[in-house]
Amino acid sequence: TLKVDTNPPQVALVSPLNGSVTNDGRITFTYEPVDINLQACMFYVNFDGTWKLNETDITPIPDKYFPVVNPVDLFEGTYTWNVRCNDSAGNFAFNSTNYTVTVDLTVPSISFGEGTEPNGLFVNRDWIYVNVSANDTYEANITFYLYNKTRLVNMTSLAAGSRTFNW
């Protein structure tokens with residue numbers, strides 16, 4: 001009996017999630033291939049800035065999550081990755097979309113500027129002036145916390161780059 005296979009494998013990228021940001025440079029890339037005649041899966045990534053084949057798995061098992069490689073130690077930056085699988089009939093496919101992951105290993109820098117009063121100062125008025133600068137390459141937001149002696153009085157979260165508000 002002759003069986004004709006014209007269906008390409010399906011590839012699902014499992015982790016890290018597309019567009020994710022992590023402060024841990026040790027990442028395990030995982031995927032799930034689906035095909036009845038699965039032959040090989042190839043991991044493509046731009047670890048060094050060039051999109052290229054990084055590793056090939058010649059014994060993938062269909063319908064199982066696979067780590068592409070053992071955890072990889074990455075430098076700070078944004079990485080694009082995908083997996084291409086082929087079957088024994090010569091059909092092949094990547095996941096429909098390349099995924100990206102950003103590794104952010106640098107703690108944001110925060111400095112208080114001129115006019116900001118020292119921590120712990122007692123004042124008897126209904127306003128507070130704070131002059132603050134924050135810098136982070138991969139900033140998502142910034143959150144300011146205002147405490148009195150006993151509790152949190154205000155928490156203000158602002159979008160990336162936004163710094164103007166009043167207490």
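I began with overall dimensions: the protein has a radius of gyration of 25 Å, whereas a compact globule of 167 residues would have one near 15 Å. I note that this radius is taken over C-alpha atoms, and that the globule rule is 2.2 Å times the number of residues to the power 0.38. The C-alpha trace spans about 90 × 30 × 25 Å along the principal axes of the protein.

I record that this is a predicted model, in which local features need pLDDT of at least 70 and side-chain atom pairs count only at pLDDT 80 or more, while totals for chains, interfaces and linings use all residues. Residues are numbered from 1 along each chain as its sequence is written, and side-chain values use heavy atoms, with hydrogens and water left out.

**Entry: fold and surface**

I counted secondary structure and found zero helices and 15 strands. Helices (H or I, at least four residues) and strands (E, at least two) are DSSP runs numbered from the N terminus. For burial I found that 30% of the 167 residues count as buried; buried means under 20% relative accessible area, exposed over 50%, and partly exposed in between (1.4 Å probe, protein chains only). The accessible surface comes to about 11,200 Å², and 52% of that belongs to carbon and sulfur atoms. These areas come from the Shrake-Rupley method with a 1.4 Å probe, and for residues only the protein chains shown count as cover.

I then looked at contacts (heavy atoms within 4.5 Å). Of those between residues at least 6 apart in sequence, 58% join residues at least 24 apart.

**Entry: the largest pocket**

Grid points are joined across faces, edges and corners, and a volume is the space filled by probe spheres set on the points.

The largest pocket has a volume of about 1,000 Å³. I listed 34 lining residues, with Asn119, Ile128, Tyr145, Leu146 and Tyr147 nearest the pocket centre. Strand 12 (109-112), strand 13 (132-135) and strand 14 (141-147) each supply at least two residues of this lining, and strand 14 gives the largest share, seven residues. By class, the lining holds 21 nonpolar, seven polar and six charged residues. Here Ala, Val, Leu, Ile, Met, Phe, Trp, Tyr, Cys and Pro count as nonpolar, Asp, Glu, Lys and Arg as charged, and the others, Gly among them, as polar.

**Entry: the cavity**

I found one cavity of 30 Å³ or more.

**Entry: single residues**

I located Gly115 in the loop between strand 12 and strand 13. Gly115 is partly exposed, at 45% relative accessible area. Its C-alpha atom is separated by 9.8 Å from that of Val132, 17 residues apart along the chain.

Lys149 lies in the loop between strand 14 and strand 15 (152-159), and counts as exposed at 88% relative accessibility. Lys149 and Gly120, 29 residues apart in sequence, are 8.9 Å apart in space, C-alpha to C-alpha.

I placed Asn7 in the segment before strand 1; Asn7 is exposed, with a relative accessible area of 52%. Leaving aside neighbours within four places in sequence, Asn7 is in contact with Asp35, Asp87 and Asn91. Asn7 and Asn124 are 117 residues apart in sequence and 74 Å apart in space, C-alpha to C-alpha.

Lastly, I noted a cis peptide bond joining Ser15 and Pro16, with omega about 0°. Pro16 is in the loop between strand 1 (10-15) and strand 2 (20-22).

Technical notes. On a 1 Å grid over the protein atoms alone, a cavity is a set of points where a 1.4 Å probe fits but cannot get out, and a pocket is an open set with protein on both sides within 12 Å along at least five of seven lines; lining residues have an atom within 4 Å of a point.
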